[in-house]
Amino acid sequence: MATLAAVFSAQGGYGSASLFVDGLIPALWVGAGAVALAAAVALLMPSRRKADDPAAGLATEDASVGAPVAT
């Protein structure tokens with residue numbers, strides 16, 4: 001948040017509508033870049049399963065196991 005404020009104040013200000021937009025646009029681009037970078041890092045993080053988690057193997061089992069059978 002402080003980085004966005006620094007970009008805003010370095011590029012524009014509150015003096016007029018034009019100055020406000022001049023500071024807002026680069027600050028929004030910096031914020032969007034930070035969000036995109038965080039999303040890329042989150043997507044590239046490897047997932048880990050706990051060995052003692054009983055639900056860890058449920059996704060690989062056959063879906064029909066344990067399903068009710070009509071008689």
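Modeller: One cut-off to begin with: buried means under 20% relative accessible area, exposed over 50%, and partly exposed in between. Keep in mind that this is a predicted model.

Biologist: Is phenylalanine 20 buried, exposed or partly exposed?

Modeller: Its relative accessibility is 33%. Under 20% would be buried and over 50% exposed. Phenylalanine 20 therefore counts as partly exposed.

Biologist: How is the pair of phenylalanine 8 and tyrosine 14 arranged?

Modeller: The structure holds three aromatic pairs. In the one formed by phenylalanine 8 and tyrosine 14, the ring centres are 5.2 Å apart and the planes stand at 50 degrees. Stacked needs under 30 degrees and edge-to-face over 60. So this pair is tilted.

Biologist: What is the angle between the planes of tyrosine 14 and phenylalanine 20?

Modeller: These two rings also form an aromatic pair, 5.9 Å centre to centre. Phe8, Tyr14 and Phe20 make up one aromatic cluster. The pair of tyrosine 14 and phenylalanine 20 is tilted, with the planes at 35 degrees.

Biologist: Which is buried and which is exposed, phenylalanine 8 or tyrosine 14?

Modeller: Phenylalanine 8 has a relative accessible area of 10%, so it is buried. At 71%, the exposed residue is tyrosine 14.

Biologist: What is the accessible area of the nonpolar surface patch?

Modeller: Its members include Tyr14, Phe20 and Leu24. Leucine 24 lies in helix H2, residues 17-44, and is partly exposed at 31% relative accessibility. Together the patch residues have about 780 Å².

Terms used. Residues are numbered from 1 along each chain as its sequence is written. This is a predicted model: local features need pLDDT of at least 70, side-chain atom pairs count only at pLDDT 80 or more; totals for chains, interfaces and linings use all residues. Side-chain values use heavy atoms; hydrogens and water are left out. Patches are made of residues with over 30% relative accessible area and no salt bridge: like charges are joined within 9 Å, nonpolar side chains (Val, Leu, Ile, Met, Phe, Trp, Tyr) within 5 Å. Accessible areas come from the Shrake-Rupley method with a 1.4 Å probe; for residues, only the protein chains shown count as cover. A salt bridge is a side-chain nitrogen of Lys or Arg within 4 Å of a carboxyl oxygen of Asp or Glu. Helices (H or I, at least four residues) and strands (E, at least two) are DSSP runs, numbered from the N terminus. Buried means under 20% relative accessible area, exposed over 50%, partly exposed in between (1.4 Å probe, protein chains only). Rings of Phe, Tyr and Trp (its six-membered ring) pair if their centres lie within 6.5 Å; planes under 30 degrees apart count as stacked, over 60 as edge-to-face and the rest as tilted.
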